[in-house]
Amino acid sequence: MIRSESLKVLEFDKILNVISRFSHGEASRKSVLKILPLHSIEDIEKRFGQIQEIRRLSREGTPLKLFHFHDISQAIEKVRPVGAILDPRELLSILSVLQIISEVSSQLKEREDIPLLREFAVTLTGFPEILVMIERTIDSEGNILDSASPLLFNLRTQIRRLEGKIRKRLEETVRDRRIAPFLQDNFITQRSGRWVIPLRMDSKGRIPGVVHDVSRSGETVFIEPLEIIGLANELGNILADEKAEEIRILRFICEKIRVVADEIEAQYKTIVYIDVLHSIARFADQLKMEIPKMNNVSLITLQRARHPLLMLLKKEYDTEEVIPLDLSLGSNNTVMVITGPNAGGKTIAIKTAGLLLVMAMSGIPVPADSSSTFPLVSGLLVDIGDEQSIENNLSTFSAHVANISEILKRTDSKTIVLIDELGTGTDPVQGAAIACAVLHNLKEKGTLVFATTHLIDIVSFVYRTNGMINASMDFDQKTLMPLYSLKVGEPGQSHALEIAERYGMPDDTIRLAKEMLGSMKEEFHNLITDLKEKRLQHEEALTELQRQRRDLEEKEILLKERLAEAEDQKSDILKNAHEEAKTIILDTKRQINAILEEAKREKSREAKKKIVKTEQYIDEKLKKYSREPLLSIEEVREGDVVFVRSIGYDAEVIHIDREHNHLRVKVGSKEIEVSISYIGYSKGKLPETKIAGYTLHREEEPVPFQLNMVGLRVDEALSRLEPFLNHASLAGLNEVTIIHGVGTGQLLKAVRGYLTEHPLVKQFRSGEISEGGNGVTIVKMK
């Protein structure tokens with residue numbers, strides 16, 4: 001748990017105070033001021049998500065329908081006892097809350113894109129019956145309306161009629177010339193609920209009536225004339241009835257509220273929490289803050305981080321621009337020591353890191369890039385500021401030592417420690433030794449540490465120790481002014497002599513101080529110079545890498561453009577090729593069918609030669625669409641091993657017919673003739689003992705009467721089906737069998753669809769059970 005002292009030192013209370021100004025009610029204002037860091041990443045990210053949904057609604061011009069409301073906690077407790085009655089103004093405060101609940105509930109239920117906020121809508125009802133009842137009973141000033149009940153309406157009608165009569169009688173009395181000399185003034189008023197006229201004290205017996213009051217001066221008496229006493233008494237009775245009816249109405253409403261008091265209180269607390277989220281969202285929008293990432297690996301990374309209080313000062317008083325802070329600690333290094341001149345921003349840097357961590361853990365967006373990341377820690381221990389205490393007899397150094405001792409006892413790997421001006425307040429050598437030992441112990445515990453110092457010995461220790469890193473606040477050597485920019489990886493200098501000289505310290509004093517500084521400064525200066533040179537080299541290398549990256553990005557864009565153009569050209573080529581291939585196939589089918597018809601009539605070998613010639617024509621036409629490298633007949637020599645695409649294996653060339661572009665190749669123990677268009681470079685694929693699938697047969701070999709397609713893709717199967725049917729027709733087969741299996745049914749459906757319109761097929765059927773059932777198709781040829 002993060003201690004309240006640490007939160008106060010980091011001025012988290014000031015951030016909450018600013019956020020509370022956006023609240024719509026006293027209860028939500030108090031809730032904002034009580035915000036504390038959450039204990040799980042899930043809870044933090046859920047609050048972030050809720051706030052982002054509220055911000056989205058505002059950006060879209062439909063902000064949450066929240067308006068000012070009163071704290072109704074006391075009213076709810078007051079109404080709980082049986083018979084308790086709330087006064088109209090207390091009911092009015094409950095009414096405003098119920099109106100907000102109703103409005104917000106309706107608004108959230110209408111949206112599908114705000115799932116986290118819609119979770120609230122499930123529990124928000126607004127109690128419409130009670131809402132309507134109070135609206136019909138009480139006006140905006142807290143008065144009970146005539147329409148609250150029919151009886152109340154009638155009673156008030158009678159009251160107005162009687163009051164009118166009484167006023168008329170009194171006005172006539174006041175205007176009577178006989179009575180005018182006795183009047184102190186000519187107005188009509190009320191005293192103790194009775195209508196009266198003012199008379200001079202010395203004339204009080206002149207008009208019969210009842211005295212109800214005397215002025216402070218004693219010169220005026222207020223008399224109720226006897227002639228209106230009967231009307232006044234009647235009015236008093238009706239007023240009493242009116243009061244009784246008002247109490248009955250209020251009691252009835254309170255009974256309704258009492259029944260659902262717990263539910264009203266729960267929904268009221270939900271509205272208070274929604275208003276807290278809304279206040280955070282308004283604050284985040286004001287400073288354009290972002291949602292950071294959370295982690296469990298003790299890594300803190302700030303990208304373009306700014307202190308929110310400085311940003312508010314800039315916004316309110318137009319002060320200087322707030323310099324963004326970039327740093328990272330965790331991974332390889334767990335200790336960062338920042339050096340630099342006084343008033344250079346060292347303390348602000350570590351307070352910014354601590355404050356933004358607390359804000360992130362509290363589910364509050366931070367003034368940094370969304371790439372910033374914060375660890376979920378169990379403790380944040382801080383030693384910042386002068387803790388000198390006269391009451392406890394502690395000097396500044398003693399107070400720091402006591403605080404750091406407590407830090408060493410409480411810290412672990414889930415803790416972040418912030419220490420300002422480490423090692424100061426005592427002898428510099430001993431102070432530095434203590435500081436180095438403290439840093440060493442904290443590093444051994446795996447604690448993330450941000451510290452500031454002016455001591456050279458600490459800087460040297462950090463430079464030599466793995467897991468620690470120096471950093472510095474940048475300083476303008478020419479103007480001797482701080483630049484408030486953090487440079488990680490190199491220590492800084494205090495520039496005390498330069499600043500003292502700038503502020504008018506005598507030259508001889510400055511010169512003597514430089515002489516006394518001696519070799520210690522020279523050694524440290526050499527270290528700083530070496531580190532700065534390395535930084536400049538890294539920055540130059542980084543600049544060059546960035547330039548190369550830009551060049552690569554430009555080339556990548558150009559390459560993408562050219563690839564897009566190539567894809568467009570490829571699409572056009574494929575489209576044209578597809579059209580041409582369709583034309584070839586249609587022409588070929590017509591030629592094949594004509595040849596087959598001729599072959600049926602003549603049974604001639606000439607028809608088969610025409611088929612071969614047509615196949616060669618198709619091969620030549622389709623050759624240009626092949627993506628595989630082709631061999632020309634001039635490249636082939638007898639004895640070469642080539643790949644024969646039509647059978648899918650390598651074969652040895654035993655004869656070359658250059659005139660007809662044919663080769664005789666040997667596959668296993670068989671020799672076949674193939675066109676050069678089927679030949680490619682050897683792939684090392686040797687035939688099995690039996691060549692699978694259907695291949696071209698020599699004329700003396702019998703044509704198979706069945707074709708096995710099991711395991712083939714649809715396109716591959718159909719490509720084998722066409723030549724099978726052609727050769728079956730040439731061989732005069734009356735019936736053939738196609739084995740395709742059942743499987744998913746896709747191949748079966750494709751085969752039978754192909755057979756349906758085929759010119760060589762007379763009819764077909766499914767196989768009998770003995771023939772293979774639905775896994776085969778029996779085709780009867782024409």
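This report describes strands, helices, core residues and cysteines in a predicted model.

## Basis of the model

The model is predicted, and local features need pLDDT of at least 70, side-chain atom pairs count only at pLDDT 80 or more, while totals for chains, interfaces and linings use all residues. Residues are numbered from 1 along each chain as its sequence is written, and side-chain values use heavy atoms, with hydrogens and water left out.

Helices (H or I, at least four residues) and strands (E, at least two) are DSSP runs, numbered from the N terminus. Buried stands for under 20% relative accessible area, exposed for over 50%, and partly exposed for values in between (1.4 Å probe, protein chains only).

## The four-stranded sheet

An open sheet of 4 strands has the order E1-E2-E4-E3, and its pairing is antiparallel. Strand E1 (189-191) and strand E3 (209-214) are at the edges with a single partner strand each, so one side of each has no neighbour in the sheet. From one strand to the next, the twist averages 50°. Angles such as this run from 0 to 180 degrees between N-to-C directions, and axes are lines fitted to C-alpha atoms, for helices over the stretch in contact. Two strands count as paired if DSSP finds at least two bridges between them.

Taking the pairs in sheet order, E1 and E2 are antiparallel and joined by 3 bridges. Thr-189 stands opposite Val-196 in E2. These two strands form a hairpin with 2 residues between them, and Ser-192 in the turn has a positive phi of about 55°. E2 and E4 are antiparallel, with 4 bridges, and Pro-198 has Phe-222 in E4 as its bridge partner. E3 and strand E4 (residues 220-225) are also antiparallel, joined by 5 bridges; here Val-210 has Glu-224 in E4 as its bridge partner.

## Helices across the sheet

E2 is mostly covered, with 6 of its 7 residues buried. Helix H9 (residues 150-175) lies across strand E2 (194-200) and E4, at about 10° to E2. Helix H10 (residues 229-259) lies across E2, E3 and E4, at about 145° to E2. Contact means heavy atoms within 4.5 Å.

Thr-173 is a residue of helix H9. Thr-173 counts as buried because its relative accessibility is 6%. Not counting residues up to four places away in sequence, Thr-173 touches Ile-179, Ile-197 and Glu-227.

## A parallel pair of strands

Strand E8 (residues 335-339) and E13 run parallel and are joined by 5 bridges. Within this pair, Val-337 has Asn-470 in E13 as its bridge partner. Of the 9 residues of strand E13 (residues 468-476), 7 are buried, so E13 is largely enclosed by the rest of the structure.

## The nonpolar core

A nonpolar core is a set of buried Ala, Val, Leu, Ile, Met, Phe, Trp, Tyr and Cys residues joined through side-chain atoms within 4.5 Å. The largest one has 112 residues, of which Phe-283 and Met-359 touch the most other members. Helix H11 (residues 261-286) gives the most to this core, with 12 residues.

Leaving aside neighbours within four places in sequence, Phe-283 is in contact with Ile-15, Val-18, Ile-19, Phe-22, Met-289, Leu-312 and Met-359.

Ala-27 lies in helix H3 and, at 12% relative accessibility, counts as buried. Ala-27 touches Asp-71, Tyr-268 and Val-272, not counting residues up to four places away in sequence. Ala-27 and Tyr-268 are 241 residues apart in sequence, but their C-alpha atoms are 9.9 Å apart in space.

Ser-40 is in the loop between helix H3 (26-33) and helix H4 (41-59). With 18% relative accessibility, Ser-40 counts as buried. The Ser-40 side chain makes a polar contact with the side chain of Asp-43 (3.1 Å). A polar contact is a pair of N or O atoms within 3.5 Å; within protein, one must be able to donate a hydrogen and the other to accept it, and residues adjacent in sequence count only if both atoms are side-chain atoms.

## Cysteines

A disulfide is a covalent bond between the sulfur atoms of two cysteines. The structure holds 0 disulfides, where a disulfide is taken as a pair of cysteine sulfur atoms within 2.5 Å. Cys-254 is buried at 0% relative accessibility, and Cys-436 is buried with a relative accessible area of 11%.
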